[in-house]
Amino acid sequence: MLTGSKILVVEDNYLLAQVICDFVAECGFEPIGPASGLDTGLVYAREASLEGAILDINLDGRFCFPICHVLVQRGIPFCFLTGYSHLSMIPQQFRGAPLVSKPFEPDEMRNVIEAMLSGQLTGPLLRAKPAGGRARAGS
């Protein structure tokens with residue numbers, strides 16, 4: 001059902017980005033990217049056909065939140081992958097997004113991706129309707 005879903009990977013650490021992309025592919029999904037910075041991530045978020053996204057919060061000193069805004073407008077669920085322990089910098093409207101800590105546990109990441117794609121996660125995000133007209137629940 002979810003096999004082949006396109007997952008955007010936004011991560012500024014090249015080696016970790018490759019690990020995430022390989023993991024996404026091993027789970028049966030299609031990794032898009034990786035995008036190594038905010039500007040590239042925004043291009044993918046605006047233009048790529050996507051079913052979900054994995055976002056590093058800090059991209060070379062710039063936060064990923066503009067990407068989050070685009071994804072919410074498009075109705076695309078996302079999760080954060082971060083090494084931060086203090087998450088007060090996350091804007092209130094994005095605090096419902098799933099959060100996976102670095103280094104990630106494979107089972108946890110797989111479960112978050114599957115729940116994100118299947119609409120099992122709920123939160124304040126993604127109340128906008130995607131291009132197809134169907135609203136997605138979850139974030």
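Let me start with lysine 102, which in this predicted model forms a salt bridge with aspartate 56, the closest N and O atoms being 3.3 Å apart. Lysine 102 sits in the loop between β7 and α4, while aspartate 56 belongs to strand β3, residues 52-56, so this pair ties together parts of the chain that are 46 residues apart in sequence. As for how accessible the two partners are, aspartate 56 counts as buried, at 4% relative accessibility, whereas lysine 102 is partly exposed, with a relative accessible area of 27%.

Now, lysine 102 has a further partner, because its side chain also meets that of glutamate 11 in a salt bridge, at 3.0 Å from N to O. Glutamate 11 is found in the loop between β1 (6-10) and α1 (14-26), and lysine 102 in the loop between β7 (99-101) and α4 (106-118), so here the parts tied together are 91 residues apart in sequence. Glutamate 11 has a relative accessibility of 2% and therefore counts as buried, the limit being under 20%. Through shared partners, then, Glu11, Asp56 and Lys102 are joined into one network.

Let me turn to another pair, in which the side chains of arginine 62 and aspartate 39 meet in a salt bridge, at 3.5 Å from N to O. Arginine 62 lies in strand β5, residues 62-63, and aspartate 39 in helix α2, residues 38-47, so that this contact ties together parts 23 residues apart in sequence. Both residues count as partly exposed, arginine 62 at 40% relative accessibility and aspartate 39 at 48%.

How many salt bridges are there in total? The count comes to four, and those I have described are among them.

Terms used: Residues numbered from 1 in each chain as written. Predicted model: local features only at pLDDT ≥ 70, side-chain atom pairs only at ≥ 80, totals over all residues. Heavy atoms only, no water. Helix = DSSP H or I, 4+ residues; strand = E, 2+ residues; numbered from the N terminus. Buried < 20%, exposed > 50% of the residue type's maximum accessible area, 1.4 Å probe, protein only.
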